[in-house]
Amino acid sequence: MENILKTVDITKKFSKKVAVSAVNMNIKKGDIYGFIGRNGAGKTTLIKMLVGLSQPTSGSIELFDSKNLNKARRKIGTVIEAPAFIPHLSARQNMFIQWTLLGSKDKSIIDETLKLVGLDNVGNKKVKKFSLGMKQRLGIAMTLMGEPEFLILDEPTNGLDPEGIIEIRQMLKKLNQEKGLTILISSHILGELSKLATRYGIINDGVLIDEFTEQELTERCQSSLIVKVNDINKACEILKSELNTDKFSVLNENTLEVFDFVDNPGKVNSILAKNDIIIDSISKKSVDLEDYFMKVIGGNKDA
């Protein structure tokens with residue numbers, strides 16, 4: 001699979017502060033890469049280096065399997081922080097100005113792109129009267145005018161209401177699936193990223209501490225049943241002999257974590273009870289992206 005982005009030990013220092021430290025990031029063609037980190041973790045600093053707004057102190061960047069970054073960056077569309085518009089103009093007028101600046105050949109791309117992001121029916125409404133979600137979609141539409149192959153978005157759902165977040169998510173999925181766009185999206189709204197991303201990277205204090213696929217996240221965030229019993233050894237034997245599973249672990253002298261039958265805890269309960277095992281409690285444990293993130297960075301979700 002083609003590499004869209006590869007960084008090797010990319011580092012950025014500001015005086016004595018290391019903002020990004022020896023990051024090795026890999027994004028493949030077709031990925032929706034969820035870039036996760038707290039505010040100040042180094043996400044925006046890294047993104048600015050990728051798009052040429054800041055130079056690395058050390059390390060290297062490859063885009064589209066090339067070290068010719070000036071040429072490769074022409075294939076990137078970027079929205080960092082707040083999109084820039086002329087507020088007293090309409091969406092189409094703003095798009096026309098962008099089309100003129102880019103010297104695009106076919107004016108039909110304006111209406112096609114507005115339709116793609118769901119802004120084809122706003123008429124002459126001025127951008128200053130748009131909702132925040134509409135402004136974000138227009139910002140993405142304007143960067144799509146350059147027909148990028150790689151879209152980089154820094155916190156595009158920040159400050160949006162639930163409806164706006166859903167609209168951005170649906171639009172990005174559409175761009176990925178219908179246009180084949182590879183997307184890097186940084187965010188701290190982890191529940192939303194988990195509905196969108198196919199690959200993830202976690203950055204903390206400037207260090208990329210983990211990269212994993214959607215499938216690997218599913219495996220790491222596997223749901224389970226927490227079962228407290230009076231006879232742990234006998235319960236283990238019953239799980240093996242009568243439920244034909246060895247997908248469990250012993251947490252302590254009276255607690256099991258069972259990874260099978262998560263959607264049918266009654267079956268586990270009835271089999272153990274039938275064999276004279278007293279069940280003190282049985283509960284479902286669900287782990288999501290936020291749980292996993294806090295575990296990896298050593299934080300407290302409830303803090």
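Helices (H or I, at least four residues) and strands (E, at least two) are DSSP runs, numbered from the N terminus. The structure described here is a predicted model, in which local features need pLDDT of at least 70, side-chain atom pairs count only at pLDDT 80 or more, and totals for chains, interfaces and linings use all residues. Residues are numbered from 1 along each chain as its sequence is written, and side-chain values use heavy atoms, with hydrogens and water left out.

Strands of a sheet pair through backbone hydrogen bonds, either parallel or antiparallel. Here 4 strands follow the order β12-β13-β11-β14 with antiparallel pairing, where two strands pair if DSSP finds at least two bridges between them. At the edges stand β12 (248–252) and β14 (279–285), each of which pairs on one side only. Within the sheet, β11 (residues 224–229) and β13 (residues 255–258) are joined over 4 bridges in the antiparallel sense, and L225 stands opposite V258 in β13.

Attention now turns to helix α4 (residues 108–116), which contains T113. T113 is buried (under 20% relative accessible area, with exposed over 50% and partly exposed in between; 1.4 Å probe, protein chains only), because its relative accessible area is 6%. Leaving aside residues up to four places away in sequence, T113 touches M95, A141, L144 and M145; such contact means heavy atoms within 4.5 Å.
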